[in-house]
Amino acid sequence: MKRFYSGIILNEKELLESNSNRIELEYYKLSKKDKKNNKIYGIEIIKKEYIGKKKTKEKRNIENLTSDENIINKVLYVLRKNTVTPIGLNDALQEVL
């Protein structure tokens, strides 16, 4: 299951060092049940970037991070707070966990 956690919209004023007009970041909590019917959580980040009339989409997910929902919520909070993009997900998780 995939559940929306939070989103961020960065506009031109926040993207001074970029050619982008706008970037949208979406953070998702992933969950599934294991063989013993316990929930296992993961994370997905989607980045939508608008450069002129062109739109690109990038996403990255990591499944099976933890069975503790409180931990995954804290990780998602830190990722969103620090505006982590899909390309930075692995490095950010190493720092957080």
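How many of the 13 residues of β3 are buried? Ten are buried (under 20% relative accessible area, with exposed meaning over 50% and partly exposed in between, for a 1.4 Å probe and protein chains only), so β3 is largely enclosed by the rest of the structure. This is a predicted model, in which local features need pLDDT of at least 70, side-chain atom pairs count only at pLDDT 80 or more, and totals for chains, interfaces and linings use all residues. Residues are numbered from 1 along each chain as its sequence is written, and side-chain values use heavy atoms, with hydrogens and water left out.

**Strand pairing around β3**

- Helices (H or I, at least four residues) and strands (E, at least two) are DSSP runs numbered from the N terminus, and two strands pair if DSSP finds at least two bridges between them.
- Strands β2 and β3 run antiparallel and are joined by twelve bridges; within this pairing, glutamate 26 has isoleucine 46 of β3 as its bridge partner.
- Five residues lie between the strands in the hairpin of β2 and β3, where asparagine 37 adopts a positive phi near 70 degrees.
- On the β4 side, β3 (residues 39–51) pairs with β4 (residues 54–66) in the antiparallel sense over ten bridges.
- Isoleucine 43 is bridged to isoleucine 62 in β4, while lysine 47 stands opposite glutamate 58 in β4.
- The hairpin of β3 and β4 has two residues between the strands, and glycine 52 there takes a positive phi near 60 degrees.

**Glutamate 24 in β2**

- Glutamate 24 belongs to strand β2 (residues 22–33) and counts as buried because its relative accessibility is 12%.
- Leaving aside residues up to four places away in sequence, glutamate 24 touches Ile8, Ile9, Ile46, Lys47, Lys48 and Tyr50, where contact means heavy atoms within 4.5 Å.

**The aromatic pair**

- Rings of Phe, Tyr and Trp (its six-membered ring) pair if their centres lie within 6.5 Å; planes under 30 degrees apart count as stacked, over 60 as edge-to-face and the rest as tilted.
- The count by this rule is one aromatic pair.
- The ring centres of phenylalanine 4 and tyrosine 28 are 5.5 Å apart and the ring planes lie at 75 degrees, so the pair is edge-to-face.
- The pair links distant parts of the chain, with phenylalanine 4 in strand β1 and tyrosine 28 in strand β2, 24 residues apart.
- Phenylalanine 4 is partly exposed at a relative accessible area of 46%, whereas tyrosine 28 is buried at 14% relative accessibility.

**Methionine 1**

- Methionine 1 lies in the segment before β1 (2–11) and is exposed, with a relative accessible area of 57%.
- The C-alpha atoms of methionine 1 and lysine 33 are 9.4 Å apart in space, although the two residues are 32 apart in sequence.
- Residues up to four places away in sequence aside, methionine 1 touches Lys29, Leu30 and Ser31.

**Leucine 97**

- Leucine 97 is found in the segment after α2 (89–96) and counts as exposed because its relative accessibility is 60%.
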